[in-house]
Amino acid sequence: MDNEVVVVTLNYRLGVLGFLRHDRYNLTGNYGLKDQILALEWIVRYVEHFGGDPQRVTLMGHSAGGAAVTHHLYHPRAQQLFQGLIVLSGSMLAPWALNYDYRKCTDNYLHDLTATTLEELRELDFKKLYRRDARLRYAFAFSSMFYSCFIPTLEEEGHPGAYFNRAPHQQILHTVAPSIPILMSETSSEFEQLLNHVTDFWMSDNYPNNQNVTLKRQIAVILDNLSSWVVAEGMEESRPRFYQMFACMANVRYPIRRLLDTLVSDSLYYMHFEFDGKFGEYKKKTYVEYVDQNKPGALHGDELGYIFSPFNLREALANRSEYAQELSVHIKVVQLFANFVKYGNPTPKRNKLSRTVWPTYSAARDSTQYLNVNDEFHIRSVEDRDLYYLVWNVMYECLYYSNCSEMVKLEQLSEEYSVPQLSRSNADDYDLDEDIKNNVT
C-alpha cells in the first residue's frame, strides 16, 4: 500500500478446461475469457470494500494474459469494466491468441481420450484430461514455435453468449478501441535466447488464409534464400540464428508492435525493458541452465520481478549492497506503474525517482518515442523497422488478409539475393521426429 494501489489477482480456467472447443459436443470454448469477465464484474461490484475504486480499475496482463486483456479491450461487455490497460509482452494479434484451425487438434484429443459422447467426457476423472502430448497431436507450429491448441477460438456467429464477433485481425480494422490510458511493453530479448532448438521454418495452418496450399512452401523458400544471404553478409552467425530471430519477430514482437501502431489514445505509452538484473526470474532461475548468462538482455517475463515482488526478495533485503542496482530499478519501475494506475500517466510530474518525462506514443502522428529501462532510464525513438519486421509484415498481410501481391515480389527478391547453400554445422542437422512432422506440416 506504499503507492496506494490495490492489487487484485484472479484465477480462471486454462488449457483444456478453459478452451476446449468441439461443435458436436456443444463445447463452445473461450470459458477462460468468460471467467475473466465474471471476475472483473465481481471486482467492480466489491472492490470498494477492500479500499479500491470501482471507477478506476486498470486491467493488466502478461504474455497470454496480455493477449487476453487486449481481447477485452475490444469486447463490448468487458470494456465497460476497466478504465486503464497494461499489456506486457502480449497481443491479441499473436498466433497463440486465437486458434483458427482447432478441429484437427480437438479430434485428435478426443480420440485419444476414448470419450465418444459428451456424457462420457463429463464422467472422466479430471486428471485424465491432462494428457502428455509427446507427438504434438494437440499442438500447432507457427513460425518455428509450438503451442497448445487449447486457446481462444472463434464461436459460431449468433451463438448465445459468444465471446468473439470478429477475429482480432479484422476487429482492429472495423472497431475503434476505447481511448483509455494504455501502457504496452516488450523485453529486449523476449524468446530469442530460448530458441536454440529452432533450426528451420516449421508451420501449421493456424492463420486465416490456410486454404492457400502453396503458401507455407512459398514462405519456406523465401526464408531459405534470405537465411543464406544474411549469414553470407555477416548479419547473423548461422542459419539457425536467423530462424530463431525470425520466430521471435513473428510470434511476439510483430503482434505487439502492429497492435501498438493501430491504437488511438492520448495516453498511450510504450516501454522497452532491457535491464538484465538478478530479479529476472526466467533468466536467473527458471532457464538458468539453458540460457547463456553472458548474453545480455531481459527474457520474456523478466520485467515482472521489477513490477511485483521478485522471487529472491528476502535474499535481496538481507544483502542490499549486492542488490543495490536491482532494488533501485525496482523502486523506479513500481512508481511508474503506480502512477499510471492512479493518474493514467506514468510521469505526471518530475521527481527524484523519475527525472525523465515519459512521452506518449502515436504512430498516426509519427510520435514514436518510448521509455527504455536499463540501469538508466532513457527516452528513445523507434528506428526504421529491421529486416525481420519488414519481411514478416509482407507475409502477415498474405497469411491474415490474403494480400499476397507483395509476396511474389519478395520471393523474386529473395531469389536474387540467394547464395549457394552454406555448409551446415552440426546444429543444422537437428530435425523433427517424423510423427511430429506429420502433425505440424
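1. Strands S7 (residues 182–187) and S8 (residues 268–273) run parallel and are joined by 6 bridges. Leu183 has Tyr269 of S8 as its bridge partner. Strands here are DSSP E runs of at least two residues, helices are H or I runs of at least four, and both are numbered from the N terminus. Two strands count as paired if DSSP finds at least two bridges between them.

2. This is a predicted model: local features need pLDDT of at least 70, side-chain atom pairs count only at pLDDT 80 or more, and totals for chains, interfaces and linings use all residues. Residues are numbered from 1 along each chain as its sequence is written, and side-chain values use heavy atoms, with hydrogens and water left out.

3. The open sheet has 6 strands, ordered S3-S4-S7-S8-S9-S10, with mixed pairing. Its edges are S3 (58–62) and S10 (377–381), each pairing on one side only. On average, neighbouring strands are turned by 20° against each other, direction ignored.

4. Helix H8 (residues 239–262) lies across S7 and S8 and runs at about 155° to S7. Axes are lines fitted to C-alpha atoms, for helices over the stretch in contact; angles run from 0 to 180 degrees between N-to-C directions.

5. The largest nonpolar core has 102 residues. Such a core is a set of buried Ala, Val, Leu, Ile, Met, Phe, Trp, Tyr and Cys residues joined through side-chain atoms within 4.5 Å; buried means under 20% relative accessible area, with a 1.4 Å probe and protein chains only. Leu121, Trp392 and Met395 have the most contacts inside this core. H8 gives the most to it, 13 residues.

6. Beyond its neighbours within four places in sequence, Met395 is in contact with Ile219, Ile222, Leu223, Phe246, Met407 and Leu410. Contact means heavy atoms within 4.5 Å.

Terms used: Buried < 20%, exposed > 50% of the residue type's maximum accessible area, 1.4 Å probe, protein only.
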